[in-house]
Amino acid sequence: MLVVSQLIQQLRQCATFNPASQVAPAVVLWTDKDGQWKKAMPYIKEQLPELIELVEPDGFYQPDKRIGPAIWVKCIVAGTLEENLIPEGKTPILYMPGVERKDLRAIESCPERLQPLAELQYRGCWWVYNTAGRDWSVSAFLTNPAVGIEFDIAKDKRTQEAIVQILPELLETPIDKLQGRKLQADDFYALVMDDLPRDILSWLNNPHEKQELWQGSKWDVFSTSCFNQYGFKADSSDIESALHLLCQAEHAWQPVWARFADTAINLPNLLEQLKRIAFDGLSAVNPENYLSENIRDDQDIEATFKRVSTQDRQAIKAALEQIWHTQAARQSWLWTRLGYSPWLEILREVMTVLTHTERVYSGSTPESMAQHYQEQFWQVDAAVLKAMAKAKDIHQQETLAQVLSVIYTPWLEQTTLNFQQLVETQYYPGHNQVNEPSGNYRTASHVLFFVDGLRFDTAKWLEQKLVDVGLSSHLSTRWAALPSLTATAKAAVTPVVDLLKGQLDNAYFKPVVADTDAEFSSHQLKKLLAENGWQYLDGLETGDPQGLAWVQTGDLDNLGHAQQRKLPLFIEGVLNDVVSRIRALVDAGWGKVTIVTDHGWLWVPDGLPSADLHKSLGKNRQRRCAILKDNVQHDGLVMPWFWNPDVSIAMAPGISAFVAGDHYNHGGLSLQECLTPTLVVTINNA
């Protein structure tokens, strides 16, 4: 039973009478000198259709809300109005706020506005606390054994005020929910605001909207609770006081801060306001809680980057190490998780670059150098890309590019020269690599998933993203077909590799179909796949999961050519698309997904340097390679074409390009371009 049900029962019982000896009362008179019940009247009227209300001296006639003056009340009681507001068989109940019983009993001194009602005391009955005729206070009603609720309510002022403030909500509460324990103010406030930290944050995020939305008892309770429990006034004109208390996060504010830390991403207006709340080093605590302090620290990092961007490696290293030492602790701050520490995140990646580029590595063989790369030095390329991805505006990008051009580009150049020297004096491992025959792909329920330009470091990133969605994978490597161009290398990882060959007079690095000499193209790929039992799944198709399928999603290569220095900003989006596509294939029932790629690439912040190759020596000159003309001698690095070793390919030295100006390109001989990843996604229910 609800509290209001007991109230209704008590009021209606007042109208009971003995027909044998009594006349039915014309009205139940309910006086409330202190107006304690006033706030709950709209709700009580919904439950009591026979309840009417006397308008207060400064009030307004509102018949639609059953509020009116004494004459109107007399008419209602007499039933003389055209519209009968009192349900048949019910005795009118007249609620009189600001009136006490003695106001009506002393007729000679009765206020003029009440005089028409004075005679009702003789024809009606009173709803009063005792024989002395005292008004029913809210507290008396809730605690008096005669009523039947009998709550155990504390008598302190705060609790007594609370039950009046939240009366509408209290009346809607089941009686047994509050019985059997000592009730204090917070127990009652909890009926209205069961999560005050949440409501404080909600108000701080949008004070005007919340005050309008919480009109009535909720706003009253909220205001009182804020002042009594949290020491601030819920006044939008003085919101900074509350913001300071939030940042200090002491005592009662600790759980509020904890809630803020969990939900801050959904409080954009509050975050914006916190930017202007300054940390007072003399009296404030918890400096890590001040967004303004975090922003100032991040600006210091930016200033350091700008200052050293034109200096040498040692000066850059010394300055960045010093500021990293003082600011690394901010990695655990809330603001970093929310993305308010971009320069700290950039600095963290740049420190990785500095650490791993302290020495230019090599190896005894090309394979040993590749092993070093897989174990450690791929992290350099990954950190460079992630740092640039965090630089969102062109000014940040330019500053960071200048620093990376000093600490990364020379290292990349020298390690690439080391790898090329090993290949030139020994061999290219890909020449001895036994290409996986197409028969090995023919396991039931197998998708061969091609991602154009998936470099080893980006494959490590993809591997983690697969883990994040519940898919484990095994990462291995293979050597790209030379030159490391899509035209050559993609065909080498298709299931139809055995059906292709290279012609001596080729000028475009493209193999042909062995049986027809037709140039290998997208059309030919689809045709050969279909002839050999493979599905070509276009778009978001999932096909027949019992068979074999070729899928192409995630074109990092075209993106790199188009975006150049801005490529790092887009890599994560491509990898997310790949994960989403794989997830859909797995959900469709495919048992195995093998991710392959054609080649990697070079990316440098300051542009690939220029290399010379006279036009008379080469044809179809690409950025990083060119087909040498017949009987031409070239004193640079020359490698055989994968599809026909009689075709010689001139390789650009180091990280240079025969056509300069690009930040991104491929086709040459470097670990970044040639050591390609293979990811086999394992599916538990396969």
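View 1. Leucine 608 belongs to the loop that links β15 (602-603) and β16 (618-619); helices (H or I, at least four residues) and strands (E, at least two) are DSSP runs, numbered from the N terminus. With a relative accessible area of 3%, leucine 608 is buried (under 20% relative accessible area, 1.4 Å probe, protein chains only). Beyond neighbours within four places in sequence, its contacts (heavy atoms within 4.5 Å) include Leu602, Ile655, Ala657 and Tyr664. Valine 659 is 51 residues away along the chain, and its C-alpha atom lies 8.9 Å from that of leucine 608.

**View 2. The six-stranded open sheet.** The strand order is β9-β21-β14-β8-β13-β12, with mixed pairing (two strands pair if DSSP finds at least two bridges between them). Because β9 (472-479) and β12 (534-537) each have a single partner strand, they form the edges, and one side of each lacks a neighbour in the sheet. From one strand to the next the twist averages 25° (angles run from 0 to 180 degrees between N-to-C directions of axes, which are lines fitted to C-alpha atoms, for helices over the stretch in contact). Eight bridges join β9 to β21 (residues 675-682) in the antiparallel sense; threonine 477 has proline 677 of β21 as its bridge partner.

**View 3. Helix α28 across the sheet.** Helix α28 (residues 571-587) lies across β8 (446-452), β12, β13 (548-555) and β14 (592-596), at about 160° to β13.

**Notes.** Residues are numbered from 1 along each chain as its sequence is written, and side-chain values use heavy atoms, without hydrogens and water. In this predicted model, local features need pLDDT of at least 70 and side-chain atom pairs count only at pLDDT 80 or more, whereas totals for chains, interfaces and linings use all residues.

How values were computed: Buried < 20%, exposed > 50% of the residue type's maximum accessible area, 1.4 Å probe, protein only.
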